[in-house]
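Please view the sequence and the model together while reading.

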Amino acid sequence: MMRVPVYLEIAQWALLLGLGSLLVVLYRQLARLLGAKHDSAELGPPVGSEAAPIRYTLVPDGSHQQFAPGDGQPALIAFVDPTCPACEQLVESLGELRAAGELAGRRVLLLISDPPGYLGISAAFQATSLPIGRPLSTAEVAGYRATGTPLLVAVDGRGIVRAAGVASRLPEVRPYAEAISSEGIATEREVAR
Amino acid sequence: MTALVFAAKAAVAVLLLASGGAKLADLAGFGATIRLLAPARTPSRVLAVAHQAAVTIAAAELLAGAASLCWPALGWVNLAVLALSCSFVVVAGVGYARHRGRPCHCFGALTRRGFGLASMLRAVAILAAAATACAPVRPASQLHFALGFHLLLLAAAVLMAAAAAAAAKALLLSESAGRVA
């Protein structure tokens, strides 16, 4: 009978343990996904609801500002963070839309939860000319249910949420801009959640 | 004692294969962590190479893990793995001190745990295992075996890294899909 080296036996067990752990991770994710289908409405405010005002600190000058929905100007509120790669993509997409004139008449606000010092680590956040704010507290944005980033919320001129969800690439972001007309009156189009 | 050294060596090697493979599947996330850990006044042109640095680190982990697992008799590989483990402790320490709670992407998308005491302890445990693996094995002939066994281990190492990369990618995709479902 062939004698298997001890090291090979132990290595085999280590590999089995590693592969088994991966399997557990995948099964846990599967369970989360099955649960997420029921909980997907938990991310972002419900479409058709009234958007809540947000008090925030403008970065980097530190002045206190307020987003007041319903003032006649439609707005795109992006909940993003410089430590999130998909958020960087969203910031770039919004920048491209703005450069193409597709955001004319719309207010755009990037809201971060990371400390302002973190902006330096992201080229996209450093390069953007879009206003960046940090909510004064998490209670300010509780109504937006921003449990994950990136979250994009389109609010029409009357302060009604017209679209809310995850978006980062340009084709995903454009419908949010189109969901609110530049005149401040909501269009019929709503982004499917 | 010999079995303990073998177990430590194999465990760290498998860990490196899993983390290297998972990092390769989420280079954007790991690149963000590298930029996060860069000193505050790092020029933006240096930050721009974070992606390349992410590729290099993931590849280094894969190579070290594969070499350690498949050619256990190579003493210098133990030292390379020990050096990598030391850097993990430094990174975990800096993350714990300066960026507590921020995602570390140490295992790509396989775990969303951030920097904290647990990650620090984990890094120290890996370092301890890597140090244990450096202990000499007597007789050394126990680590010399036929070419077929080396190739078998290499195939297993590739499978492990590929499985970790596939799992990490699946998690990455499923998370974004889950949010918009």
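## Two residues and their surroundings

Ala124(A) counts as partly exposed because 19 C-beta neighbours lie inside 10 Å; a residue is buried if 20 or more other C-beta atoms lie within 10 Å of its own, exposed if 12 or fewer, and partly exposed in between, with C-beta atoms placed from the backbone. This is a predicted model, in which local features need pLDDT of at least 70 and side-chain atom pairs count only at pLDDT 80 or more, while totals for chains, interfaces and linings use all residues. Residues are numbered from 1 along each chain as its sequence is written, and chains are lettered from A and ligands numbered from 1 in the order in which they are written.

Phe6(B), by contrast, counts as buried because it has 25 C-beta neighbours inside 10 Å. Both residues lie in helices; helices (H or I, at least four residues) and strands (E, at least two) are DSSP runs, numbered from the N terminus.

| Residue | Helix | Contacts |
|---|---|---|
| Ala124(A) | H3 (residues 123-127) of chain A | Glu88(A), Val91(A) and Glu92(A) |
| Phe6(B) | H1 of chain B | Val6(A), Tyr7(A) and Ile10(A) |

The C-alpha atoms of Ala124(A) and Pro135(A), eleven residues apart along the chain, are separated by 20 Å. Phe6(B) and Ala25(B), 19 residues apart in sequence, stand 29 Å apart from C-alpha to C-alpha.

## Chain A and a helix pair

Chain A contains four helices and seven strands, and from the N terminus its elements follow the order α-β-β-β-α-β-α-β-β-β-α. Of its 193 residues, 40% are buried.

Within this chain, helix H2 (residues 85-99) and helix H4 (residues 170-178) pack at an angle of about 60 degrees, their axes being 9 Å apart. Axes are lines fitted to C-alpha atoms, for helices over the stretch in contact, and angles run from 0 to 180 degrees between N-to-C directions. H2(A) is therefore oblique to H4(A), given that angles under 35 degrees count as roughly parallel, over 145 as roughly antiparallel, 65 to 115 as roughly perpendicular and the rest as oblique. Residues making the contact include Leu90(A) and Leu94(A) of H2(A), and Val173(A) and Arg174(A) of H4(A).

## Nonpolar cores

A nonpolar core is a set of buried Ala, Val, Leu, Ile, Met, Phe, Trp, Tyr and Cys residues joined through C-beta atoms within 7 Å. The largest has 65 residues, and Val12(B), Val14(B), Leu17(B), Met160(B) and Ala164(B) have the most contacts inside it. H1(B) gives the most to this core, with 15 residues. Leaving aside neighbours within four places in sequence, Met160(B) is in contact with residues of both chains, among them Leu15(A), Leu19(A), Val14(B) and Leu17(B). A second, separate core of 43 residues includes Ala75(A), Ile132(A), Val141(A) and Val166(A).

## Where the chains meet

The contact between the chains takes 40 residues from chain B and 29 residues from chain A. On the side of chain B that touches chain A, H7(B) gives the most, with 14 residues.

Conventions
Two residues are in contact if their C-beta atoms, placed from the backbone, lie within 7 Å.
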